[in-house]
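Please keep the structure in view while reading.

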Amino acid sequence: MRSYEKDSPQAMARIVALAMLVDGGLDKSELELVAGYEMVQKLGLSEDEFEKIVHTLCEDMLLCGAHYGQIEMSPELIDSLLAEIEDPQLQKLLLAWMVAIVDADSRVSDGEAILISR
């Protein structure tokens with residue numbers, strides 16, 4: 001898995017993307033929520049930059065976590081991504097965003113539950 005600078009907008013964007021993808025795909029309600037909260041703009045990124053981060057995360061997930069056609073991320077891998085955000089204020093913001101994303105489709109998958117619990 002590629003790494004980003006600690007507390008960088010890119011590291012935060014990857015965690016937002018992970019919250020969107022950890023259940024196995026992008027859901028329209030999650031995309032609408034990210035847009036409605038203006039997450040990408042609040043991170044200081046362009047839509048193109050965010051899309052590139054999402055694409056890169058997808059590539060990395062396929063390389064690091066594909067087993068029998070399913071993408072599974074170990075708790076250790078999730079922890080390594082979350083560890084790129086050290087600032088407590090940024091951690092709180094990301095947690096609020098992640099919970100909102102997970103709740104956007106009114107159901108919590110196993111992957112989403114694991115991500116939030118980490």
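## Basis of the description

Two residues are said to be in contact when they have heavy atoms within 4.5 Å of each other. The model discussed here is a predicted one.

## A loop residue and its contacts

Asp 105 lies in the loop between α6 and α7, and because its relative accessibility is 19%, Asp 105 counts as buried, the limit for that class being under 20%. When neighbours within four places in sequence are left aside, Asp 105 is in contact with Asp 23, Asp 27, Ser 29 and Glu 30.

## Packing of α1 against α2

Two packed helices are described by the angle between their axes and by the distance between those axes. Helix α1, residues 9–21, and helix α2, residues 28–36, pack at an angle of about 155° with their axes 10 Å apart, which means that α1 is roughly antiparallel to α2, since angles over 145 degrees fall in that class. The crossing of these two helices, α1 and α2, is right-handed.

The residues that meet are Val 16, Ala 19 and Met 20 from α1 and Glu 30, Leu 31 and Val 34 from α2. Sorted by class, this contact of α1 with α2 has five nonpolar residues, one charged residue and no polar ones. Glu 30, which takes part in the meeting of α1 and α2, is also among the contacts of Asp 105.

In soluble globular proteins, nonpolar side chains tend to be buried together. Here the largest nonpolar core has 34 residues, and those with the most contacts inside it are Val 16, Leu 18, Leu 94 and Ile 101. Two or more residues each are given to this core by α1, α2, α3 (39–42), α4 (47–65), α5 (75–82) and α6 (88–103), and the largest share, ten residues, comes from α1.

Leu 18, not counting residues up to four places away in sequence, touches Leu 57, Met 61, Met 73, Leu 81 and Leu 115. Ala 113, placed in helix α7 (residues 110–117), is 95 residues from Leu 18 in sequence and 12 Å from Leu 18 in space, C-alpha to C-alpha. With a relative accessible area of 39%, Ala 113 is partly exposed.

Most residues other than glycine have a negative phi. Asp 7 is partly exposed at a relative accessible area of 27%, and Glu 38 is partly exposed at 45%.

Notes: Residues are numbered from 1 along each chain as its sequence is written. This is a predicted model: local features need pLDDT of at least 70, side-chain atom pairs count only at pLDDT 80 or more; totals for chains, interfaces and linings use all residues. Side-chain values use heavy atoms; hydrogens and water are left out. Axes are lines fitted to C-alpha atoms, for helices over the stretch in contact, and angles run from 0 to 180 degrees between N-to-C directions. Helices (H or I, at least four residues) and strands (E, at least two) are DSSP runs, numbered from the N terminus. Angles under 35 degrees count as roughly parallel, over 145 as roughly antiparallel, 65 to 115 as roughly perpendicular and the rest as oblique. A crossing is left-handed if the near helix is turned anticlockwise from the far one by less than a right angle, and right-handed if clockwise. Ala, Val, Leu, Ile, Met, Phe, Trp, Tyr, Cys and Pro count as nonpolar, Asp, Glu, Lys and Arg as charged, and the others, Gly among them, as polar. A nonpolar core is a set of buried Ala, Val, Leu, Ile, Met, Phe, Trp, Tyr and Cys residues joined through side-chain atoms within 4.5 Å. Buried means under 20% relative accessible area, exposed over 50%, partly exposed in between (1.4 Å probe, protein chains only).
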